[in-house]
Amino acid sequence: MAGPYCHGQGFGPVMHKNVRYNCRVIFLNKKILLIRPKISLANAGNYRELRWFTPWSKARHVEEYFLPRIIQEVTGQDTVPFGDAVLATKDTCLGTEICEELWAPNSPHIEMGLDGVEIFTNSSGSHHVLRKAHTRVDLVNSATAKNGGIYILSNQKGCDGDRLYYDGCAMISMNGETIAQGSQFSLDDVEVLVATLDLEDVRSYRAEISSRNLAASKVNPYPRIKVNFALSCSDDVAVPVCMPIQWRHHSPEEEICLGPACWLWDYLRRSKQAGFLLPLSGGIDSSATACIVYSMCHQVCLAVKNGNAEVLADTRKIVHDETYVPEDPREFCKRIFTTCYMASENSSQDTCNRAKLLAEQIGSYHINLNIDAAVKAIVGIFSMVTGRTPCFSVYGGSSRENLALQNVQARVRMVLSYLFAQLTLWTRGMPGGLLVLGSANVDESLRGYLTKYDCSSADINPIGGISKTDLKNFIQYCIENFQLTALRSIMAAPPTAELEPLVDGQVSQTDEADMGMTYAELSIYGKLRKIAKAGPYSMFCKLINMWKEICTPREVASKVKHFFRMYSVNRHKMTTLTPSYHAENYSPDDNRFDLRPFLYNTSWSWQFRCIDKQVSDLEKKEEISVVKDVED
C-alpha cells in the first residue's frame, strides 16, 4: 500500500444492542469500514472468552451499528456495518479472521476463500508454548495450500500481565508457502512485516484446483463492503515480488533461553522494580533461572545496541540513572540481579562453590549467608512451648519430625528471600526493591515435591512451566553458547534439596529417591494426566504398552498408584503456586489453566481396584501362555 493513506485494524470489546462482542475494527483514512465480531471464542486452557464476550452467530449477516458520539466526531460517520462480511476493493477481496478462528475446524477462511476472498488477515493473541510455533505456521500455510490465497498473520507481543507470553512470530503466506517471517522473541514492541505479492499467482493457483472450483460454485456469498481503494498500481509490472522462504524454527533450548527472558523483562519494566533476587542453591533449577536472567541482560544490551530507544529508556528507569547505557551483559546483571546462597548445616561445600562460581560468571551481586541461627531459634520456640525436641530420622526421629525440620529450613529461606529483596539495594545505597524469583520446575509442582511457602513461593517463576529434562538440555545450551563453565559441575551433580543431615560431609538425600519416581517418568505422567485426560486406570492401560519392555504390569500399577497418591495428597499446594511462565501443556497451574479440585480422595479406591483386577487378569493370561508353551 503506497501513498498518503492511513489504514489499519484493531480489536477489543464493542457493545452492540446491549451485547458485548470481541470485535475487529477495520478502518481506512479515518473512516471505519467494518466492525467484524469474533465468531469462535477461545474457551479452553488459559482462555475464558465466554466469561466476557458472546460469539457472533449470524453467519454472513450484517447489521447497522450506531457509533458513539465521541467516535462520530472523529470519523464523521453516524453508522457503520457490523457483522460477518468481507471487503471488496477495486482490485481484490479481503477477509478477516480473529485469533481462535484460525484454529477452529470450520475456520471462516475456508468459506471465504471459496467465495473469492484472496487476502486473509488475522489479528491474533497466540501465546508461546514450547514446540508450538510449527503448529501455528502449519495452520497458516495449510489454509492457503488447499484453497489458495494470501494469509497475513499478526500476533501480540509481550507479557499479558499474567502467566502468558505472546511471542510475535508474524508471518505472510501465499499458496501454501511462507513468504515472510517475523521474529519470534524480541524486545521490540512493534514489528512491521512487508511483502510484495502478485494476485495473479493466487488466481492461477486456484484455477487449477478442480475440487475447489466445484465447491466454490455452490458457496453462499458473503456480504461485500465496497471500498474505493486499490492495493495495487496500474504500472507495477516491473515491481519484483517476494519469493518463498524456509521457516527458521528455534530449538526448545533457544525457546527457553529467549521466551522467559523476554517475559521477565516485560514484567520487570512494567512492575517498576529495580531488579531480581534469586535464592541460588547451586542446583539445576535455580541455575537455569539465573541463566534466563543472564539471557535477559543479553537481550537488553542487544536491543539497545540496535537502537531500541524504548528499551534504553526503560533500562534507565530501572537502574535510576538517566545517563546509563547497558553495553556489557555481566555489568548490567550486577546492577539488577542479586543471587543469594542460603547455607545450613545440611548444605555441602560443593553446592556453595557451584553457586558462587556461576554468580561470578554471569556477573550477579552474590550473597552468602547461613540460616542455622534462624532455624534453631524457631525450633527452640517450639521446644520451649511443648517440651519436645524433634529430630531428623538419621538421629532416631520419626518421618513426621524429619519432614517438619526440613520444612522449617525451607520456609526460613523464603522469609529471608523477601527480607533481602526489600533491603539489599538499601544496604548498597541504591533505590528500589527487588522481585523474588522462584525456581520450581513443572514436574516438581505436579508431584508436589516442594514445601508450601518455601523458596518456591516467590513473585514470579520463569521455569515453573518447564520440565526437568528440558532444563537440563537448556543448561547444556548455556554451557556452549554463553561459555558458563560453572554449569558443567552443576549438570554432573545429582539433584538434591539438601535439607537432611550430611553423611561424612557428603549429600545423602537426592530428589528422585525422595519422590519415588524419576523426572522422566514425571513428564510422562504429566502429559497423560493433562493432555490425554487420563485418570489412574486409563494411565495404567496406556503405560503397560508404553513400558512393556522395561516393566511388568504389576510394576506399572505400583508406579501409577504412587504417582496419583502423591499428586492428590499435594494438590492443595497448587493453590499457592507462584505465578509461572506458561511453557508446557501439562502444567498443573491451578489459577487459570488446570482447574481441578485440590481436595481429593487420595485412596482412589475404585480406580485402584480396577487396576488390581486388570493386573490379576494379565498375570493369569501370562501363566496360561507359559503353560501352553511348555506343553508345545
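A residue is called buried here when its relative accessible area is under 20%, exposed when that area is over 50%, and partly exposed in between (1.4 Å probe, protein chains only). By this rule Asp 115 is buried, with a relative accessible area of 13%.

The model is predicted, so local features need pLDDT of at least 70 and side-chain atom pairs count only at pLDDT 80 or more, while totals for chains, interfaces and linings use all residues. Residues are numbered from 1 along each chain as its sequence is written, and side-chain values use heavy atoms, with hydrogens and water left out.

Asp 115 forms a salt bridge with Arg 224, and the closest N and O atoms are 2.9 Å apart. A salt bridge is a side-chain nitrogen of Lys or Arg within 4 Å of a carboxyl oxygen of Asp or Glu. Asp 115 sits in the loop between α3 and β8 and Arg 224 in strand β14 (residues 224–226), so the pair ties together parts that are 109 residues apart in sequence. Helices (H or I, at least four residues) and strands (E, at least two) are DSSP runs, numbered from the N terminus. Arg 224 is partly exposed, at a relative accessible area of 35%.

The structure holds 34 salt bridges. Another of them joins the side chains of Arg 131 and Glu 584, at 4.0 Å from N to O. Because Arg 131 lies in the loop between β8 and α4 (133–145) and Glu 584 in the loop between α20 (553–570) and α21 (605–631), this pair ties together parts 453 residues apart in sequence. Arg 131 is partly exposed at 40% relative accessibility, whereas Glu 584 is buried at 9%.

Lys 468 and Asp 285 also meet through their side chains in a salt bridge (3.2 Å, N to O). Lys 468 belongs to helix α15 (residues 468–481) and Asp 285 to helix α8 (residues 284–305), distant parts of the chain 183 residues apart. Lys 468 is buried at 2% relative accessibility, and Asp 285 is buried at 8%. Elsewhere, Asp 189, Asp 266, Arg 269, Arg 270, Glu 310 and Asp 314 are linked in a network of salt bridges.

Helix α5 (residues 199–207) has Leu 199, Val 202 and Arg 206 as its buried residues. They cover an arc of only 55 degrees around the axis, which puts them on the same side of α5; the arc is that of the directions from the helix axis to the C-beta atoms. Among the elements that cover these buried residues are α3 (108–114), β8 (119–124) and α6 (210–216). At the start of α5, a side-chain oxygen of Asp 198 comes to within 3.0 Å of the backbone nitrogen of Glu 200.

Notes
Contact means heavy atoms within 4.5 Å. A polar contact is a pair of N or O atoms within 3.5 Å; within protein, one must be able to donate a hydrogen and the other to accept it, and residues adjacent in sequence count only if both atoms are side-chain atoms.
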